Amino acid sequence: MRKILIKNIKGLVQAGEDLPMVLCGAEMANIPLIPDAFVALEDGEIVAYGPMSELQGIDDWRDLELVDAEGKYVMPAFCDSHTHTVFARSREEEFVDRINGLSYEDIALRGGGILNSAGRLAEMSEEDLFNQAMKRIEQLMAYGTGAIEIKSGYGLSVEAEIKMLRVIKRLKEKAPIAVKATFLGAHAFPKEYKENHRGYIDLIKQEMLPKIAAEGLADYIDVFCERNYFSVDEMEEILLEGKKYGLVPKVHVNQFSALGGVAKAVELGALSVDHLEEMTEDDITALKNSACMPTILPSCSHFLGIPFGDARKMISAGLPVALASDFNPGSTPSGNLGFVWSLACVKMKLTPEEALNALTINAAYAMGLSDTHGRIALGRKSPLLMTTQIPSLAYIPYAFGDMHIERIFI
Ligand code: NIG
Ligand code: FE
């Protein structure tokens with residue numbers, strides 16, 4: 001058995017036996033913290049924690065790794081509930097086009113964007129896609145990510161969507177952290193279906209979904225509900241079909257326009273609605289008293305220069321909020337959740353505590369991992385982070401761009 005005792009921890013964060021699964025509204029401001037603490041792990045399972053004064057003598061030193069966390073914080077690893085980590089190549093040429101005046105939408109309309117990534121992915125082998133994505137996951141873990149959701153959606157053909165999802169399935173089996181798979185065949189209409197939406201939606205329903213279900217390739221189903229992409233009615237039709245195969249909706253809505261997709265997704269039992277840069281009062285009302293997690297992606301807003309989701313308004317309305325990276329080659333070429341934490345504080349005026357809850361407890365909920373991730377409690381195998389020596393927790397989002405995570409315990 002592999003045993004680890006982390007002792008002299010400056011602050012043990014989000015540890016407790018009765019922490020809720022979701023933090024809403026004003027509850028998001030609270031972060032439980034045990035000063036001068038220890039935590040003990042056996043094969044990754046949390047078997048004891050508390051103040052140093054309660055640490056008993058150690059009877060069995062065999063295979064015990066002692067970690068001195070003097071001046072350092074220990075907290076649950078971040079959960080990244082929205083990523084597109086499997087992709088073929090970066091798209092920095094579009095980044096330069098945007099610097100020179102084109103918008104993300106202009107680039108998409110002339111065949112770039114998601115279709116650009118789809119063209120490249122079609123040519124890459126499953127093996128290469130897997131190896132690249134695994135390297136990215138290792139990098140994300142170094143940034144503190146302890147669980148990740150990954151979407152398909154750069155396939156856009158039966159063959160390539162299945163290829164992507166098989167890569168994600170292998171990542172589930174081989175990656176050191178938990179991986180959830182989301183089918184996003186409805187990410188964009190491929191060129192040959194531009195004028196034939198019916199044809200592509202039928203392809204999703206009649207060919208992609210049955211194969212995905214037969215191979216058990218996805219946990220969730222996503223649709224990019226947006227002008228020039230999928231309408232609310234098209235989203236509804238696709239989500240309803242996915243639900244027949246047991247796939248829970250988790251959708252892209254309200255990135256550039258509020259079309260009513262939030263209310264529809266909530267009605268269809270979505271676990272989360274993601275992006276939310278543009279929100280109406282009706283959208284907020286639809287989320288109240290629902291089981292759906294509003295999820296905001298501030299590094300996408302940063303990179304595309306679009307509005308940041310109004311998390312303050314959502315929290316004032318009593319809603320929970322989760323934060324995720326949206327890591328992808330087009331709108332967010334970074335999966336660094338420490339940077340997301342900082343953006344949430346600087347640009348969205350979340351307190352450091354609210355943003356941390358949005359990256360841990362609420363994010364774990366948004367990817368169906370509340371039972372294992374996002375907080376520290378006995379009997380759980382939650383991955384943990386140890387920071388470097390820092391003056392306070394708020395120092396992490398404050399000193400943005402620096403690396404404050406020293407180690408992840410999986
Ligand atoms: O979440 N908005 C849709 N999909 C991605 C971007 C995909 C891309 O540009 O490759 C997003 O931002
Ligand atoms: Fe996305």
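Is H84 buried or exposed in this model? H84 is buried, with a relative accessible area of 2%, where buried means under 20%, exposed over 50% and partly exposed in between, with a 1.4 Å probe and protein chains only.

Before I go on, a word on conventions. This is a predicted model, in which local features need pLDDT of at least 70 and side-chain atom pairs count only at pLDDT 80 or more, while totals for chains, interfaces and linings use all residues. Residues are numbered from 1 along each chain as its sequence is written, chains are lettered from A and ligands numbered from 1 in the order in which they are written, and side-chain values use heavy atoms, with hydrogens and water left out.

H84, in the loop between β6 (78-80) and α1 (92-99), and H252, in strand β10 (residues 248-253), are 168 residues apart, and the pair links distant parts of the chain. Helices (H or I, at least four residues) and strands (E, at least two) are DSSP runs, numbered from the N terminus. H252 also counts as buried, at 3% relative accessibility.

On a 1 Å grid over the protein atoms alone, a cavity is a set of points where a 1.4 Å probe fits but cannot get out, and lining residues have an atom within 4 Å of a point. The volume of the largest cavity is about 110 Å³, and by volume we mean the space filled by probe spheres set on the points, which are joined across faces, edges and corners.

Finally, consider V273, which lies in strand β11 (residues 272-275) and counts as buried at 0% relative accessibility. Setting aside neighbours within four places in sequence, V273 is in contact (heavy atoms within 4.5 Å) with V251, V253, A265, L287, C292, M293, P294 and T295. V273 and G260, by comparison, are 13 residues apart in sequence and 12 Å apart in space, C-alpha to C-alpha.

Conventions
1 Å grid on protein atoms, 1.4 Å probe; cavity = no way out; pocket = protein on both sides within 12 Å on 5 of 7 lines; lining within 4 Å.
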